[in-house]
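Let's take a walk through this one together, beginning with a sheet and then moving on to the charged pairs. Have the viewer open as you read.

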Amino acid sequence: MKQLFDGNTWQEIFQSIRKNKLRTFLTMIGVFVGIYIYIGLSGASKGLDNGFERQFETIAKNSLFAWGQRTSIPYAGFKTGRQIQLKLGDVEVLYNRVPEIETIAPRNVKGIFGSNPGIITRGLKSGNYAVYGDFPDFADIATKKIYDGGRFINDEDIEQARKVCVIGERTQKELFEEDEDPIGGYIRIDNIYFQVVGVHKFTPGGGFESDSDIYIPFATFKKLYNTGDNVSWLTIAAYDDADVVKVEEDIKATLRSIHNVSPKDERAFGSFNLGEIFNKIMGFSSGMTFLSLIVGIACILAGVIGIGNILLISVKERTKELGVRRALGATPSEVRNQIIIEALTLTLLAGIIGIIFGALTLKIIDALTKGGDFPYANPTVPIPYVIGSLLLMVVLGVLIGLIPAQRAVSIRPIDALREE
Amino acid sequence: MIEIKDLHKSYKMGSNSLHVLKGINFSVEDGELVAIMGSSGSGKSTLLNILGMLDEADEGEYTLDNVPIKNLSETKAAQYRNKFLGFVFQSFNLINYKSAMENVALPLYYQRVARKERTEKALQYLERVGLREWATHLPSELSGGQKQRVAIARAMAAEPKVLLADEPTGALDSTTSYEVMDLIQKINDEGNTILVVTHEEDIAHMCKRIVHLKDGVIVEDKKVKQVRAAEYVQ
Ligand SMILES: Nc1ncnc2c1ncn2[C@@H]1O[C@H](COP(=O)(O)OP(=O)(O)OP(=O)(O)O)[C@@H](O)[C@H]1O
Ligand SMILES: [Mg+2]
């Protein structure tokens with residue numbers, strides 16, 4: 001221990017490292033590559049992780065969508081091929097029968113799935129945009145970023161079937177002047193005046209909507225387009241700890257029973273389980289993290305073993321030198337410690353250089369992928385991982401140093417001196 | 001200074017055992033310069049290694065400066081070597097990646113002497129062997145004689161009680177050998193005790209006493225009139 005804090009020891013070690021450049025290089029390259037791969041891989045997988053998170057940040061992670069299709073099995077007196085229409089009343093039943101459901105936001109739409117879009121006009125300008133009838137709950141499932149000064153549809157809008165709307169960024173650009181504040185302004189949707197209450201920000205890659213969608217209160221939509229209690233589809237968010245696959249099954253089973261569909265009819269309802277896909281992606285990315293951890297540790301291990309090997313060879317080469325040192329008064333523990341500290345120093349030095357290069361590489365990759373669609377963001381390696389890997393290297397470095405160190409002192413000085 | 005009684009040493013090789021030293025009795029006074037002679041295989045190096053605590057006798061007593069040397073741990077032996085003994089080898093045994101000065105300073109490093117003082121002392125001893133201006137050179141840049149002088153400086157740097165030299169001139173031509181012997185004589189003149197193993201009659205006569213080994217015993221032990229090596233060095 002005393003030796004560890006002695007400047008003389010370090011002079012000896014740095015001299016031995018400096019004067020044996022090839023050996024130093026060879027020993028360090030293994031650990032360097034090991035830690036570099038480790039940092040690079042785990043940083044990259046963290047980057048993917050962050051990237052996926054970002055892709056899904058605008059929508060509840062365990063959400064799913066359900067809609068009616070045509071039946072494929074005759075049931076309860078109905079022929080096959082019957083079109084199923086979801087109703088607003090389904091929501092209440094679903095809440096009651098599937099307790100894992102946190103929020104249901106029924107939606108109606110005009111302008112996708114083959115229906116004609118709304119014709120939106122303002123003064124002389126006009127355009128065709130998809131129009132959605134929405135509940136305020138929708139904002140809880142799919143976070144809509146609304147520009148400052150505006151808002152999303154609220155409960156009063158629904159109760160009073162107000163003629164208000166939230167427009168998209170593109171709609172704003174196309175219908176309003178650049179310096180004009182759209183909030184409070186009026187547009188016509190299929191010839192009915194609506195007041196703009198908000199502009200939603202479009203997040204690329206997030207969700208399925210576009211920057212030109214117009215949201216109006218569900219109740220207003222119903223009046224405007226005479227849709228009665230019909231619902232185009234349900235957007236459903238389950239609680240965080242719910243099993244989304246089971247929730248999806250339960251929802252479909254409930255819908256089948258409400259709509260008199262055979263319990264075996266798989267085609268009567270369509271659904272899209274975002275939660276399941278999200279879980280798969282997250283599973284993939286945590287698999288990546290785990291893999292990079294394993295590969296990284298294996299690489300570090302291989303590198304450290306390499307150091308041990310080369311030090312062992314170098315101890316054999318230096319048998320005579322070590323014999324001379326012992327004739328001059330080096331005690332076995334001094335010789336042993338010197339070799340262990342050498343191993344440790346080489347390991348740590350290589351490790352730190354590897355970490356620095358790994359971090360630089362991640363920075364470069366980050367800079368190159370910035371702004372792109374590729375789901376990759378902020379590829380950092382958590383500090384505990386870095387510290388953990390350094391600790392691992394200290395432990396391994398000492399352990400691996402023990403072997404050549406033990407070998408060095410196991411030879412009697414007289415035999416070491418006789419060595420040619 | 002050195003006291004040896006009935007020293008035995010044999011080497012075991014498989015089932016055979018080779019009895020090399022068969023009862024050596026001998027003592028060396030302070031300030032002596034002793035040549036140990038004998039034919040090849042007579043046990044000269046074996047004796048010197050035992051004296052140097054690099055090896056241990058099977059039997060007998062060895063006292064160095066009134067300290068009994070017996071059953072030393074390797075750590076203790078290393079400390080004694082460092083404090084009491086200086087070694088000069090036939091093949092110089094300098095550390096090839098260290099400069100002359102660093103080589104000379106090495107025993108001081110194991111004495112935990114501070115770097116500055118180490119360097120000072122090393123330069124001082126290099127001065128004494130006439131190699132002050134070679135201080136920063138690596139061994140590979142030195143001639144054989146120069147290497148041996150660096151080795152002698154290294155052996156002397158720790159100010160040992162006894163200098164042990166195993167064929168210090170064995171790898172040198174005669175002119176260089178005399179230069180090295182001249183140096184050894186000068187060191188002896190200052191009162192240092194020195195043992196020199198040698199094959200060569202002329203080198204032995206540059207010492208003050210010659211001990212002859214044969215078949216593991218001392219067959220002759222005589223004082224001689226010292227021939228000054230300086231006479232041969234111009
Ligand atoms: N480690 C050893 N193991 C076995 N035998 C040894 C060992 N060291 C020396 N010997 C043997 O012991 C005998 C004496 O060896 P030693 O080296 O002392 O002789 P020496 O007088 O120094 O000879 P030289 O003049 O050739 O150097 C030799 O026969 C040698 O082979
Ligand atoms: Mg010999």
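Predicted model: local features only at pLDDT ≥ 70, side-chain atom pairs only at ≥ 80, totals over all residues.

Now turn to chain B. Four of its strands make up an open sheet, and reading across it you meet them in the order E2-E1-E4-E5, with antiparallel pairing. The edges belong to strand E2 (16–28) and strand E5 (67–68) of chain B, each of which pairs on one side only. Have a look at the E5 end: strand E4 (residues 59–64) of chain B is joined to E5(B) by two bridges, and the two run antiparallel.

On to the charged pairs. Over all chains, the structure holds 32 salt bridges. Let's pick out a few.

Start with B:Glu190 and B:Arg128, whose closest N and O atoms are 2.1 Å apart in a salt bridge. This pair links distant parts of the chain: B:Glu190 sits in the loop between helix H6 (174–189) and strand E8 (193–197) of chain B, while B:Arg128 belongs to helix H4 (residues 115–128) of chain B, 62 residues apart. B:Glu190 has a relative accessible area of 53%, so it counts as exposed, whereas B:Arg128, with 38%, is partly exposed.

Helix H6 of chain B has a charged link of its own. B:Glu179 and B:Arg149 meet through their side chains in a salt bridge, at 3.8 Å from N to O. Because B:Glu179 lies in helix H6 and B:Arg149 in helix H5 (residues 144–157) of chain B, the pair ties together parts that are 30 residues apart in sequence. B:Glu179 is partly exposed at 31% relative accessibility; B:Arg149 is buried at 18%.

Further along, the side chains of B:Asp221 and B:Arg209 form a salt bridge of 2.8 Å, N to O. B:Asp221 is in strand E10 (residues 217–223) of chain B and B:Arg209 in strand E9 (residues 209–214) of chain B, 12 residues apart. Is each partner buried or partly exposed? B:Asp221 is partly exposed at 39% relative accessibility, but B:Arg209 is buried, with a relative accessible area of 9%.

Finally, look at both chains: salt bridges with shared partners join A:Arg412, A:Asp415, A:Arg418, B:Lys9 and B:Asp55 into one network.

Methods. Residues numbered from 1 in each chain as written. Chains lettered and ligands numbered in written order. Heavy atoms only, no water. Pairing = 2+ DSSP bridges. Salt bridge = Lys/Arg side-chain N within 4 Å of Asp/Glu carboxyl O. Buried < 20%, exposed > 50% of the residue type's maximum accessible area, 1.4 Å probe, protein only.
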